[in-house]
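Subject: Handing over a structure

Hi,

Here is the structure I promised to pass on to you.

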Amino acid sequence: MSQNVVVIGGGPAGIEASRKLRDLGYTPILIEKEPVLGGHLARWDRLFPDGVEARAVLRPMLEDLDGIKYFTDTEIASINRLKDTWVVKLSNGLSAQVRAILLTTGFDLFKAEKKEEYGYGIYERVITNAELEDWFKSGAAPQFDKVHTIGFVHCVGSRDEKAGNRQCSKVCCVTAVKQACEFKEKYPDLTVYCFYMDLRMFGRKYEDLYLKAQKEHGVRFVRGRVSEVSEDIDGHLFVKAEDTLFGKPLKIKMDMLVLMCGMAPAASTPALARMMSLSAGEDGFFLPQSLVSSPCTSSREGVFFAGSATGPKTIPETLGEAANAALAIDRYLKTPEKA
Amino acid sequence: MIDFGYGLTPSATLRIENVKNPRFMELHALEPDVVKCIACGSCAASCSAGCFTEMNLRRVILSLQRGREKETLPMLRHCMLCGKCQLVCPRGINTRHLILSIGKVYGLDKKEEVQP
């Protein structure tokens, strides 16, 4: 009988690692707290930099789950160390005793309500990046009349010590540029602004996307963080920022505002860290043994990481780490047990 | 560029390698957070004085780092210490305290401040 491995979190990292573990001859037990597998990716419409559909990435993964035991709508009740194994009890009453656990718990989208000055949840024309993806995916646009000007606010809950998120979320810059381009493709007459602090176009073809936004779509980039948003009697928005390149304060009327919510540590992180005596960093993400050379190995024996549980990552990085973690687990399980 | 001393106009180039900045070091010792600024402009955008005057805290911080005190300090005179900048600063800089410290270190004199 093949050996079980518990994988906690059924997003792209968890699914991909489970498939790889299965290919290596193990039986992964994949636990997901939501009703469906796929994580945040299941909600997204298209992916940067080429605009491939998220479902085109996810579908082949979801169609290839033979040999993987997965449980949705299931949470972790407890995890205990017993000799050199881990005993994992699930909320559905089942339990498993395994030598290796893989944490693929991912991230939570930063709650935009926390940035009160942007008025999310108060002004109906302020929406989040995820809600915009819902719109693109379903085709059901919110019923705002006369939308001429829209703005993207970068770094919402990223690089923000006051909001408790000091880290850069890495993917929002290019996501905003992607969404701005998509907007202009759907509605060429719209005026689209991006309010940014730095545009971190670190990946291959990301800079090209930025160039496309400038050249083909005429997206207007303003270097300045939005400081506050207010609403007029008709529900239109007034956005205040400083045009830092010009050195003057700026006020602009908008018909819609998209908040680029960043990645915050998953809410489950502290509880899981407690159960397994793992360490989380100051930023709240799990801390692997080395962020350079062993990003998938934890400080505890038999516990591994993949994906954005250890910090913001792109989809290809996450998938790469999933494979890496499966190999690390394979090597660990092949070393003979200590007598 | 070598300055031969014949130019009619002073060079407009920033010579940051020549900036000897003991005062800024003094300010830094008093207010370590001054170097945390990421120049996002939130302070300047929310500034009550900024809409009507040249006050711009982001620029004040940058200019002091570049050793340009003369053009910087007059900006600060418009500050009313309302503290809105402090509310929006993503790096959590205590901006009011910083402004007061700049006043202390650079000798922003109260007597000069009162202008009829």
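Let me start with A:D73, which counts as exposed because it has 12 C-beta neighbours inside 10 Å. The cut-offs behind that word: a residue is buried if 20 or more other C-beta atoms lie within 10 Å of its own, exposed if 12 or fewer, and partly exposed in between, with C-beta atoms placed from the backbone. A:D73 sits in the loop between strand 5 (69-71) and strand 6 (76-82) of chain A, and its phi is near 55°, a positive value in a residue other than glycine.

Some housekeeping before I go on. This is a predicted model, in which local features need pLDDT of at least 70 and side-chain atom pairs count only at pLDDT 80 or more, while totals for chains, interfaces and linings use all residues. Residues are numbered from 1 along each chain as its sequence is written, and chains are lettered from A and ligands numbered from 1 in the order in which they are written. Helices (H or I, at least four residues) and strands (E, at least two) are DSSP runs, numbered from the N terminus.

Two other loops in chain A are worth a look. A:S277 also has a positive phi, about 50°, although it is not a glycine. You'll find A:S277 in the loop between helix 6 (269-276) and strand 20 (303-305) of chain A, and with 11 C-beta neighbours inside 10 Å it counts as exposed. Then there is a cis peptide bond between A:F48 and A:P49, with omega at about -5°; A:P49 belongs to the loop between strand 3 (46-47) and strand 4 (52-53) of chain A.

Now the domains, whose bounds come from an automatic or database domain assignment. Chain A is assigned domain 1 (4-106 + 266-334) and domain 2 (112-262). Their C-alpha centres lie 31 Å apart. Where they touch, domain 1 of chain A gives ten residues and domain 2 of chain A gives 19; two residues are in contact if their C-beta atoms, placed from the backbone, lie within 7 Å.

Helix 7 (residues 315-334) of chain A has 20 residues, which at 1.5 Å a residue should span 28 Å, and its end C-alpha atoms are 29 Å apart, which agrees. (The expected span is 1.5 Å times one less than the number of residues.) Among the buried residues of this helix are A:I315, A:L319, A:E321 and A:I329. What covers them includes strand 1 (4-8), helix 1 (12-23) and helix 2 (54-62) of chain A.

On to chain B, which has seven helices and zero strands. Of its 116 residues, 30% count as buried. Confidence in chain B is lowest in helix 7 (residues 110-113) of chain B, at a mean of 54, and highest in helix 2 (residues 42-46) of chain B, at 96. Where pLDDT is low, the predicted coordinates should not be read in detail.

How do the chains meet? The contact takes 16 residues from chain A and 18 residues from chain B. On the chain A side, the largest share, three residues, comes from strand 16 (residues 237-243) of chain A. The model scores ipTM 0.84 and pTM 0.92.

Cheers

Note on methods: pLDDT = per-residue confidence, 0-100.
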